[in-house]
Amino acid sequence: HPWLSGPEDSYLGFWERGGGASGEHSHAINLWQHFAHVAGVGRVIEVEAMLKYIKEGNAFYDKLCFINLKTERGLIGRVVQDVVTFPPKKRARLQGTKGFIEWINNYNKEGDAVIFSSSNGSEEVILIPKKRPDDFIEELKHIQKQLEGENNASGIRLERGLETMLVLAGVHISEAKRCRVKIDYQKGFNLGAIYL
């Protein structure tokens, strides 16, 4: 953010206020969870994380955040969020036994790409024309449709945001306690999980 002189000028420099790699980029956690819901494998029930915190002036934030996740039906995956990769890289990959599907944000100057690969090793690249404002415009259109009564379950509804915040809380607990944290959506966190 070029209008700030440094991390401590806003919430971005304070992980406890929602900044740092884990909070500022928690949309990556949310996107992972969304894909898990779409795939029908349930909510995240286990979190194991490693973070690199940094104190810089008055700021105190995590610059690196590595998260391992497990869902109710056993899907295991990871999310990596940081504030040091430049230029930023945003991508999501679903790896299967017979190939993969990968989305790459800003694949080239024209926009994003989705890459499919099958077990024979061939890859197909589908370009998705897009400019940066399109990200926000499409989200605003989605919100408008929800406000007008569209009855589709929204991936950004409050319930999904709460699930993301529970995972994010589990991330910081996991790092602090050096353990795997189990999330019980009825009772809260179980810190008696497997210790590293």
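These legends describe close-up views of one predicted model.

The model is predicted, so local features need pLDDT of at least 70 and side-chain atom pairs count only at pLDDT 80 or more, while totals for chains, interfaces and linings use all residues. Residues are numbered from 1 along each chain as its sequence is written, and side-chain values use heavy atoms, with hydrogens and water left out.

**View 1. Ring pairs link Trp-15, Tyr-53 and Phe-60 into a cluster.** A pair of aromatic rings is described by the distance of the centres and the angle of the planes. Rings of Phe, Tyr and Trp (its six-membered ring) pair if their centres lie within 6.5 Å; planes under 30 degrees apart count as stacked, over 60 as edge-to-face and the rest as tilted. By this rule the count is two aromatic pairs. Trp-15 and Tyr-53 have ring centres 5.8 Å apart and planes at 50 degrees, so this pair is tilted. The pair links distant parts of the chain, 38 residues apart. Trp-15 is in the segment before α1 (20-24), and Tyr-53 is in strand β1 (residues 44-56). Helices (H or I, at least four residues) and strands (E, at least two) are DSSP runs, numbered from the N terminus. Now take Tyr-53 with Phe-60: the ring centres are 5.6 Å apart and the planes are at 40 degrees, so this pair is tilted.

How accessible are these residues? Buried means under 20% relative accessible area, exposed over 50%, and partly exposed in between (1.4 Å probe, protein chains only). Trp-15 is partly exposed, at 23%. Tyr-53 is partly exposed, at 23%. Phe-60 is partly exposed, at 29%.

**View 2. Charged side chains sit over the rings of Phe-60 and Phe-100.** A charge sits over a ring if NZ of Lys or CZ of Arg is within 6 Å of the ring centre and within 35 degrees of the ring normal. The charged end of Lys-55 is 5.0 Å from the ring centre of Phe-60. Arg-93 lies over the face of Phe-100, 3.7 Å from the ring centre.

**View 3. Ser-122 lies in the loop between β6 (111-118) and β7 (123-129).** Ser-122 is partly exposed, with a relative accessible area of 41%. Its side chain makes a polar contact with the side chain of Asn-120, at 2.8 Å. A polar contact is a pair of N or O atoms within 3.5 Å; within protein, one must be able to donate a hydrogen and the other to accept it, and residues adjacent in sequence count only if both atoms are side-chain atoms. Neighbours within four places in sequence aside, Ser-122 is in contact (heavy atoms within 4.5 Å) with Phe-116 and Ser-117.

**View 4. Ser-154 lies in the loop between α3 (132-147) and α4 (158-177).** Is Ser-154 buried or exposed? At 5% relative accessibility, Ser-154 counts as buried. A polar atom of its side chain lies 3.1 Å from the backbone nitrogen of Ile-156. Neighbours within four places in sequence aside, Ser-154 touches His-142, Gln-146 and Arg-160.

**View 5. Strand β8 (residues 181-184) has alternating side chains.** In a regular strand the side chains alternate between the two faces of the sheet. In β8, Val-181 and Ile-183 point to one face and are buried. β1 and β8 run antiparallel and are joined by two bridges. Strands pair if DSSP finds at least two bridges between them. Val-47 has Val-181 in β8 as its bridge partner.

**View 6. The largest nonpolar core has 18 residues.** A nonpolar core is a set of buried Ala, Val, Leu, Ile, Met, Phe, Trp, Tyr and Cys residues joined through side-chain atoms within 4.5 Å. Val-44, Val-47, Ile-67, Leu-69, Val-167 and Val-171 touch the most other members. α2 (27-38), β1, β2 (59-71) and α4 each supply at least two residues. The largest share, four residues, comes from β1. Leaving aside neighbours within four places in sequence, Ile-67 has contacts that include Ile-29, Val-47, Val-79 and Val-171.

**View 7. Backbone angles stand out at Pro-87, Asn-106 and Arg-178.** Most residues other than glycine have a negative phi, and most peptide bonds are trans. The peptide bond from Phe-86 to Pro-87 is cis, with omega near -5 degrees. Pro-87 is in the loop between β3 (76-82) and β4 (91-96). Asn-106 has a positive phi of about 55 degrees. Asn-106 lies in strand β5 (residues 99-108) and is exposed, at 51% relative accessibility. Arg-178 has a positive phi near 55 degrees and is found in the loop between α4 and β8.
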